[in-house]
Amino acid sequence: NIKMDEAIELYQQAAAAFDDKDYKNALSLAARSNEVNNGKYTDHAMEIINSTSGLLEMVKGIGKSKPVSEALLEEAKDVLKNNDFEKAISLSKQCWEGLEKIIHEHLSDEFSSAQSMIVLARNSGEDVSSAESLLENAREYMSSQDYASALDNLKQCISGLNTGIQIQIDELTDEARGFLISARELEADVTKVEELLAKIEGEQDKGELEKALSTSRLCKSEAEKTLSISISSNIEVRMADIEKAETIKADTEKSNEILNRARNAMKNSNYVEALSALKDSAEEIQNCQFQKVLKTMSQSRSKFMKAKKYGAELDEAMEFMNKARDALKEGDFLESLQMANQGDKVVDEIIGQFDLVRDRLEDFENRLAEAKEIGVAIDEVESMFSKAKTALESNNLTEIGRASCRERVEISLVAVSLKNNLYRSTVPVQHSFVPC
């Protein structure tokens, strides 16, 4: 394919001069023809060598160079220096063919990869028109052996597709990590999700974006499922907490409303709202129980003040109330309420005793008045009543108990006396005290 017109013309002129026995001119023309001929061979050989050298650099750029190719090219350059044009061209072509095969195999793989990525991107709802145009251009350049342009268009095509796929991977993994953080806060087992995230990173490092995208989808699905199960489990736990709060008669209306909010959010896969409602419900469940215990303790406090006013010994009741406070600090509302109620019961008994004595003394006073009116001798009984009344007015529970016990015996005997119509006697009734 070398154009040798000029060399042939000079050769023909040299031959004509030779036939005319013009040997000097024939020699000059032959030398010039040979010079042009060698120049054409050299240029053609160098053109092939340079093209092959460019192809070699291209192959090196894709990381698939072979030592044999470099050796052939260097040998071609050496033999060309000795004007062994045919061997130089032959070696260059041999090297070219080997390199071209490598390039073809690489481009074939890249075409397949690009086509697969286009399908993947299209199925993900992305616009792939630009990528398809670049892929078509690469095919045309390859057909014309413009491998550099073919590689460049393929590179742009794949790079654009990679960017789109990488964005999808990032979005999916971001969602998965968000679910992971929330699930971990609920103490869910997130081991599988963490393993999938690590796998995605490994696939990205290897440039296996198609695999990474598939794993990202699986990871997001697994993380969402883990979070959903964990939220549902926590809703069940909150329900049990509400039932426990109801056993101490806490007001759980607001807690139930908040928990229903969490259930409704889960129906719409609104995990943020569900998590917020779960947090609020936990706080409200704690608060309603706290308020219930606090209210009971507050009511007990007024009773304590009343019992203290009566001069009662409150050590036992205070011990129960201290235990109630300790349990409240620990969040053990049931135990706290039980202790508060125990303390309340002790105080109620004390106050009840005082009120009972007071009511009885009022009744005794009325009976004594009646006995006086009919002339019954009640001096001793009246003395005891006076002591009991004095003890009542001074809030002396101990003395009240002792005096009222005796007074009860005396009044009982007076009642018997009245019943048997002995009340007109001026002789005091004889009796003995009955131990209380």
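Accessible areas come from the Shrake-Rupley method with a 1.4 Å probe; for residues, only the protein chains shown count as cover. This is a predicted model: local features need pLDDT of at least 70, side-chain atom pairs count only at pLDDT 80 or more, and totals for chains, interfaces and linings use all residues. Residues are numbered from 1 along each chain as its sequence is written, and side-chain values use heavy atoms, with hydrogens and water left out.

The chain holds 14 helices and zero strands. Helices (H or I, at least four residues) and strands (E, at least two) are DSSP runs, numbered from the N terminus. Of the 436 residues, 37% are buried. Buried means under 20% relative accessible area, exposed over 50%, and partly exposed in between. Among contacts between residues at least 6 apart in sequence, 66% join residues at least 24 apart. A contact means heavy atoms within 4.5 Å.

| Residue | Relative accessible area | Class |
|---|---|---|
| Gln168 | 13% | buried |
| Lys220 | 22% | partly exposed |
| Asp326 | 47% | partly exposed |

Gln168 lies in helix H6 (residues 147-185). Beyond its neighbours within four places in sequence, Gln168 contacts Ser124, Glu126, Leu213 and Arg217.

Helix H8 (residues 209-247) carries Arg238. Lys220 is also in helix H8. Leaving aside neighbours within four places in sequence, Lys220 is in contact with Leu172, Glu175, Ala176 and Phe179. Lys220 and Glu175 are 45 residues apart along the chain, yet their C-alpha atoms are separated by 6.4 Å.

Arg238 is buried but has no salt bridge. A salt bridge is a side-chain nitrogen of Lys or Arg within 4 Å of a carboxyl oxygen of Asp or Glu. The nearest side chain of opposite charge is Asp241, 4.2 Å away. Not counting residues up to four places away in sequence, Arg238 touches Leu259, Leu278, Ser281, Ala282 and Ile285.

Asp326 is found in helix H11 (residues 315-329). Together with Glu330, Asp332 and Glu335, Asp326 forms a negative surface patch. Patches are made of residues with over 30% relative accessible area and no salt bridge, like charges being joined within 9 Å. Asp and Glu count as negative.

Methods. Buried means under 20% relative accessible area, exposed over 50%, partly exposed in between (1.4 Å probe, protein chains only). Patches are made of residues with over 30% relative accessible area and no salt bridge: like charges are joined within 9 Å, nonpolar side chains (Val, Leu, Ile, Met, Phe, Trp, Tyr) within 5 Å. The place of a charge is taken as NZ of Lys, CZ of Arg, CG of Asp or CD of Glu.
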